[in-house]
Amino acid sequence: MKILVVGAGPAGLMFSHQMKKLKPDWDIKIIEKNKPQEVVGWGVVLPGRAPHHPANPLSYLNDFDRLCAQYLEEFKLIHGSESNLMSTGITLCAVERHALVGSLQKHCKELGIPIEYSSPAMSESELNKDNYDLVVLSNGINHKSTYFREALKPEIQYGKNKYIWYGTSKTFDYLHLIFKVDPKGVFIAHAYKFSNDMSTFVVECSEETYLNAGLDKLSDEDAATFIAQVFKDELEGHTLQGQNGLKWRNFMTLSHQKSYDQNLVLLGDALQSGHFSIGQGTTMAVVGAQMLVKALNDHTDVPSALESFNAKVMPLMHLFRDHANISRLWFESVDDYIDLNITQLTESFDARRRPLPPLAAALAQNLSEALQREPAKTVV
Ligand SMILES: Cc1cc2nc3c(=O)[nH]c(=O)nc-3n(C[C@H](O)[C@H](O)[C@H](O)COP(=O)(O)OP(=O)(O)OC[C@H]3O[C@@H](n4cnc5c(N)ncnc54)[C@H](O)[C@@H]3O)c2cc1C
């Protein structure tokens with residue numbers, strides 16, 4: 001079995017690692033457009049405590065305790081001068097994306113999986129040229145879109161808010177959601193520590209607020225200084241740090257009706273992306289990867305494996321999409337809630353996903369099925 005994996009992010013790496021562990025004689029190769037050190041993004045939250053939680057990718061890494069993960073069990077909502085500190089009711093694990101991806105890459109290499117860096121796949125003919133039995137397209141959200149198959153063309157939806165992903169040396173000990181009413185408009189920050197000395201700090205605002213503040217005209221440095229001033233009470237003198245490749249954007253939701261065409265299958269964000277306000281994208285990538293491993297292990301040929309994968313993964317992906325969209329829309333409608341008092345605002349935030357079936361339960365069920373693997377069959 002010869003497999004090409006396009007993209008060395010959490011989805012492609014997790015799939016390759018778990019597949020190779022199960023099928024050591026399969027020929028798996030990863031190509032990645034960036035260099036190894038070029039991992040875009042700061043920290044992300046993952047579910048549960050490693051090594052116990054199966055949806056947390058750290059649970060599959062024997063060096064997880066060296067990644068300086070931070071465990072978060074409390075949530076603080078700040079609305080102007082008021083704040084509300086609550087238990088999240090669950091444990092969340094925040095980790096640096098660079099450290100997570102670096103460790104996954106190391107684990108893949110240890111299993112003998114080659115990763116070719118600075119190797120962007122640009123066209124479908126490149127994917128076909130070496131006659132792969134399976135091509136896993138795990139190349140994330142592509143702002144400069146590269147679609148390899150007409151049959152897999154995604155539906156694309158852009159969020160109305162502008163957002164940017166900063167890092168800061170201010171360590172936010174809890175998950176923070178901060179609402180600021182500035183003369184230029186409402187700004188919202190999502191912040192939490194992801195290592196001993198760094199936090200993620202994602203900021204979003206309406207397009208109108210973005211333009212009122214002149215953020216479209218400011219340099220990256222001046223924009224970061226302006227936003228740090230808006231959140232000066234919380235940042236306590238710490239600056240906001242930008243990163244190459246992270247700009248003010250409108251969130252892009254990629255959705256598909258089908259996850260595969262012939263021998264090409266989509267995984268991770270490339271299959272379904274979802275707004276950062278529910279913090280689930282990496283978890284979805286991990287669970288999707290485990291579901292694909294299970295399907296390939298349980299079937300004797302690629303077409304039936306992909307059909308089975310598709311039947312199971314699409315309902316889960318669509319539930320993820322619905323949760324992410326309902327949450328994104330809540331943040332885009334913040335003007336409707338911003339005059340509420342802090343108790344009402346907290347309740348409205350908490351209630352935003354209640355109309356939907358719970359995502360956590362669906363994830364747990366799919367993952368537990370995926371991890372019950374029958375003795376290996378021979379795939380041809
Ligand atoms: C602001 C923000 C905050 C987030 N916070 C969280 C969070 O708290 N928790 C969480 O779980 N998720 C979070 N996410 C989402 C999470 O980052 C993604 O869901 C996750 O990275 C998806 O993994 P992936 O492997 O599918 O894609 P990616 O991580 O994007 O990896 C794709 C890889 O493919 C490579 N690539 C792209 N094109 C090509 C090509 N043509 N050829 C070869 N390689 C290519 C890229 O360089 C990259 O390495 C957040 C996202 C954003 C934007």
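## Exercises on a predicted model

Helix α1 (residues 10-22) and helix α7 (residues 281-298) pack with their axes 8 Å apart, at an angle of about 30 degrees. The axes are lines fitted to C-alpha atoms, for helices over the stretch in contact, and angles run from 0 to 180 degrees between N-to-C directions. Helices (H or I, at least four residues) and strands (E, at least two) are DSSP runs, numbered from the N terminus.

This is a predicted model, in which local features need pLDDT of at least 70 and side-chain atom pairs count only at pLDDT 80 or more, while totals for chains, interfaces and linings use all residues. Residues are numbered from 1 along each chain as its sequence is written.

### Exercise 1
Find which residues of α1 and α7 meet, and sort them by class.

**Solution.** 
- Step 1: Take residues as in contact if their C-beta atoms, placed from the backbone, lie within 7 Å.
- Step 2: On the α1 side, you will find P10, A11, M14, F15, Q18, M19 and L22. Their partners in α7 include A285, A289, L292 and L296.
- Step 3: The residues of this contact divide into 12 nonpolar, 5 polar and no charged. Here Ala, Val, Leu, Ile, Met, Phe, Trp, Tyr, Cys and Pro count as nonpolar, Asp, Glu, Lys and Arg as charged, and the others, Gly among them, as polar.

### Exercise 2
Describe the shell around the ligand.

**Solution.** 
- Step 1: Of the 34 residues around the ligand, G7, G9, G140, G268 and G281 come nearest.
- Step 2: The elements α1, β3 (43-47) and α7 each supply at least two residues of the shell, and the largest share, 4 residues, comes from α7.
- Step 3: Sorted by class, the shell has 15 nonpolar, 16 polar and 3 charged residues.

### Exercise 3
Locate S118 and E236, and decide why each counts as buried or exposed.

**Solution.** 
- Step 1: S118 sits in the loop between β6 (115-116) and α3 (124-128), and E236 lies in the loop between α6 (232-235) and β12 (240-241).
- Step 2: A residue is buried if 20 or more other C-beta atoms lie within 10 Å of its own, exposed if 12 or fewer, and partly exposed in between, with C-beta atoms placed from the backbone.
- Step 3: S118 counts as exposed because it has 11 C-beta neighbours inside 10 Å. E236 has 8 C-beta neighbours inside 10 Å, so E236 counts as exposed.

Terms used: Contact = placed C-beta atoms within 7 Å. Near = placed C-beta within 6 Å.
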